[in-house]
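Here are some friendly notes to read alongside the model. Please keep the 3D view open as you go through the points.

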Amino acid sequence: MKTENLKVFGMTCAACAKAAERAVGKLDGVEKVNVNFATEKMNVAFDASKLSMEEIKAAVAKAGYEAKEEIETKEVAIPVAGMTCAACAKAVERAVGKLGGVESVAVNFATEKAVIKYNPKDVRLSEIKQAIIKAGYTPLEIENKNRVDEDKERKEKEIKTLWLKFVVSAIFSIPLLYIAMGPMVPWLGWKLPAWLEPMNFPLLYALVELVLVIPVMIAGNKFFTVGFKAIARRSPNMDSLIAMGTSAAFLYSLYSIYRINIGDFMYVDDLYFETAGVIITLILLGKYLEAVSKGRTSEAIKKLMGLAPKTAIVIQDDKEIEIPIEEVEVGDIILVKPGAKIPVDGEVVEGHTTIDESMLTGESIPVDKKVGDKVIGASINKHGSIKFKATKVGSDTALAQIIKLVEDAQGSKAPIAQMADIVSAYFVPTVFVIATLSALAWYLSGESTVFSLTIFIAVLVIACPCALGLATPTAIMVGTGKGAEYGVLIKGGEALETTHKIRTIVFDKTGTITEGRPEVTDIVTTGIIERDKLLQIAASAEKGSEHPLGEAIVRGAEKENLEMLKLGKFLAIPGHGIQVEIDGQLILLGNRKLMVERNIELTQLENDSDRLASEGKTPMYMAIGNQLAGIIAVADVVKESSAKAIKRLHEMGIEVAMITGDNKRTAEAIAKQVGIDRVLAEVLPQDKANEVKKLQGEGKKVAMVGDGINDAPALAQADIGIAIGSGTDVAMESADIVLMRSDLMDVPTAIQLSKSTIRNIKQNLFWAFAYNVAGIPLAAGLFYAFGGPKLNPIFAAAAMSLSSVSVLTNALRLKGFKPYK
Amino acid sequence: MKAKKMILLATTLSAALVFSACQATDVVGKIAVTSFEQVLNTASDNVTFDEEKNSWSLESPAGDEFKWSKDFSATEVDGILEFDAAPFINAGLDVTKLPEGYVYDQASDRLSLNFEIGQEKFDYNGDATALDTFKNIVEKKREIVGYHEALDHYGMAVGNGNMFEWAKDMSTNDKDIVFVVNPQPFIDAGVDPEKVEGWAFAKVEVKDKDGKMVEVDKFLKPFDLK
């Protein structure tokens, strides 16, 4: 099964998205298809042996839209030196154009620039440059134009066009409204010149209105082309409603002109050009505001994309060369000066510094980096100069992965969206039926044609499914984007929705609740040796050990700046400990078993040993010359934020469980420390998923938080898998939510964000439905029948535009989300 | 580019309208002429030319007259409404209190309301007819000819709220012609408007100077010519 993302062009409302989805869904071999109106993206899972991408694109085209594969095409403008005539430019064009992956190349001899569009997956920039060199010319420093800019340009162009169309419509609609409303509403006191008096010069009056409405109809031509085409395809959309409503008003007004022309002056009262004009103007304004707001919903991703620096300083032959980031290769040694951004992912090879990774992890405290530490592209080098070796470039960097994750999530649909989708799909045809029936009913009840027509237009115009289609995706876009800002990467709409239903959270112990790195917690001596000396000897004995407990003792001594002693004979006793000679003395360091076997008397420290074990710590005995010298207790310490996070989860009414392979005593000690409700101890890695299943069997929505490979099955089994960012790739793959930091406070943040987003979606859906539920009966004249008000089509258009804008504005409120501190 | 085209198209259409406008689009004027012609034809026996006043006269079956000047530039009085004074005198009219232009002729016991409408010169090809004069009025003094939506009538305003109206389509209207008189000067001269016999005292919707529809009192005297 293959999954591909396509960009779908030409959709104007949720009904269009549904139509495209239906068209592709019908194809044999398509397992799942999902079209997101807000992001204009189609995600399709299909059997590549049965179906090709071309066939999918053709199905979308048949539905009236255009689908294009999401190729991350890049455009560069390479200044080329050495060209002396137009033929040289042609030669460069030929040389570059021959390369596979180059979409287009245009060399301008006058500006000495080669503008090349290429697919970086197929051809590298260095290959393009090489081709120019081979052709006999010199490529100079590149002016880069990336996908962010292109996308931004496209959106800006769309917004600009909509604004222009709105302005043109408004310029003509305002006088049109003035002329039309003046005689209709005398108390407004709007004066008309004598030659435009509707009762004296009705035809001229009507023609002036016609002239004024034509530019407005042209500005709104897209509603007609798209709307009527959709009707012809029997999948009417929002544009169809607008096209039908305004066309009805326009055509009836043309008929009125004809009647005026043959002497029926009364038809001057039946002109509805201003209705058509003002409706189009208001909807254009609504579309403009919608485009502006939609742009703002994807600001998070733009912010992420904008994080990457444009250039990197690479050390080549001991020289510092600044090159575009696209040209950085794995293995390059990169110099980063204080204050500069880390260009790609890598490993520090020289120098030490502190790096601000907050833009990626949300962690506000800069992290110390020394030789061997990993650095992440787009983070900011604070103090020292460092050199690092590039390990991941381009789409492999952590930033690129995050962007992809967020993009995929923003393009995904939450189950709650399905309801809106179903409603949208049946909405437009239903509205047509309601509009026709209401108009017919009024006409048959004895009302005039004009009255029935206004009812027909008002129903068509107010019943816009646009707000319905925007309600869910916009909130998800803002919600997931906001999560990314705080280092909480939510992989999809479904995850976002399910998260707020979580009733039980299972935390893996090691590395999740605890640091996952044992530390020396207690040192007890018998009196024959001082505390520091005991630690110094133990650390010297364990120096070079790969055992986690041994490493913990060495780190403990290093922390206290204790020097290591010279070792004599060394003997590792598997499952027991070690035996070494220091300064001629025999040292034993290990568990109780080792001491018992060597007949070391332990009575003196028996109580301490029991106490430490009950606290979940591992006591390690040390004997010097067959005499017990002391105990060094080692334990995996809990993270600073664990207790606070669990407290917060309790406040949210969530039960917290801990799962571990440790013995019950140790597990319970940790659980007590952080306030865990339920302990699942001595669970083998392969059984973790089963334990989660058991909890789910209790009818609860269960989330699992873990970091290791062994947590992956449990993460997958849980309703929501939450992987700690510092964990393994496998864990992150299996999870629904990835926390960029190791801070457990991000778990309640994720739930809080999910709750806020779902609440926002519900509000949006409420408003979208409320507009239609209240608007349609009002427009249909239901209230009028009982002596209430009737809706003027112009106000219907205003209300309809407002519905989309209010839904988007509400979604944007999520941008103010702040996690619980 | 598209926007430029849009503006260009709009400008062209606007310009086209300006050039083709006015006369050709004046359907009210055009139909006013044809409907007035219908009235003249129906009442042809009662259409005469008053040499003294250089005006055409249309007489109602009751003897009321509407006179319109053959050439506004050649007459001081361009529009005249003439009718029996008795109903007004019986209703309390003190003829000495009538304003200028309102003339009582004791000999004939008739009232004549005289108005100067304009100074326009009317052109004729050959002998002038009553209809030719009316065509000149529509062409040169279009603003005094209007359409009265409520009664489906055309009207010619002679001055001071006084009008002569006729049906747009006589075949569907029982009020073929109507004398419309502003009652205020008569009320000011002592007339009790409710007591004027033969005239209906009624509210009529008209546009005020600001173009707003207002209801005003009028004396109305309609006739069916058929």
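1. A term to begin with: two strands pair if DSSP finds at least two bridges between them. Helices (H or I, at least four residues) and strands (E, at least two) are DSSP runs, numbered from the N terminus. This is a predicted model, in which local features need pLDDT of at least 70, side-chain atom pairs count only at pLDDT 80 or more, and totals for chains, interfaces and linings use all residues. Residues are numbered from 1 along each chain as its sequence is written, while chains are lettered from A and ligands numbered from 1 in the order in which they are written.

2. Let us follow one residue through its bridges. In β26(A), A:Leu628 is the bridge partner of A:Ala623. A:Ala623 also stands opposite A:Leu588. Strand β25 (residues 618-624) of chain A is joined by seven bridges to strand β26 (residues 627-638) of chain A, and the two run antiparallel. With strand β24 (residues 585-590) of chain A, β25(A) pairs in the antiparallel sense over four bridges. Two residues lie between the strands in the hairpin of β25(A) and β26(A), where A:Gly625 takes a positive phi near 55 degrees.

3. How enclosed is β25(A)? A residue is buried if 20 or more other C-beta atoms lie within 10 Å of its own, exposed if 12 or fewer, and partly exposed in between, with C-beta atoms placed from the backbone. Six of the seven residues of β25(A) are buried, so this strand is largely enclosed by the rest of the structure.

4. Now the chain as a whole. Chain A has 29 helices and 31 strands. Of its 821 residues, 49% count as buried. Two residues are in contact if their C-beta atoms, placed from the backbone, lie within 7 Å. Among the contacts in chain A with a separation of 6 or more, 68% come from residues 24 or more positions apart.

5. Next, please find the open sheet of seven strands in chain A, ordered β19-β31-β30-β29-β20-β27-β28 with mixed pairing. Its edge strands, β19 (488-490) and β28 (678-680) of chain A, each pair on one side only. Within the sheet, strand β20 (residues 504-508) of chain A and strand β29 (residues 702-706) of chain A pair in the parallel sense over four bridges. One of the partners of this pair is A:Val702 in β29(A), for A:Thr504.

6. Helices deserve a look too. Helix α1 (residues 14-25) of chain A has twelve residues and reaches 16 Å from its first C-alpha to its last, close to the expected 16 Å (1.5 Å times one less than its number of residues). Ten of the twelve residues of α1(A) are buried, including A:Cys16, A:Lys18 and A:Glu21.

7. At what angle do helix α7 (residues 221-232) and helix α8 (residues 238-261) of chain A pack? The angle is about 110 degrees, with their axes 7 Å apart; axes are lines fitted to C-alpha atoms, for helices over the stretch in contact, and angles run from 0 to 180 degrees between N-to-C directions. Their contact includes A:Phe223 and A:Phe228 of α7(A) and A:Ile242 of α8(A).

8. Finally, is A:Glu326 buried or partly exposed? With 19 C-beta neighbours inside 10 Å, A:Glu326 counts as partly exposed. A:Glu326 sits in the loop between β11 (319-324) and β12 (333-336) of chain A. Its C-alpha atom is separated by 9.0 Å from that of A:Pro120, 206 residues apart along the chain.
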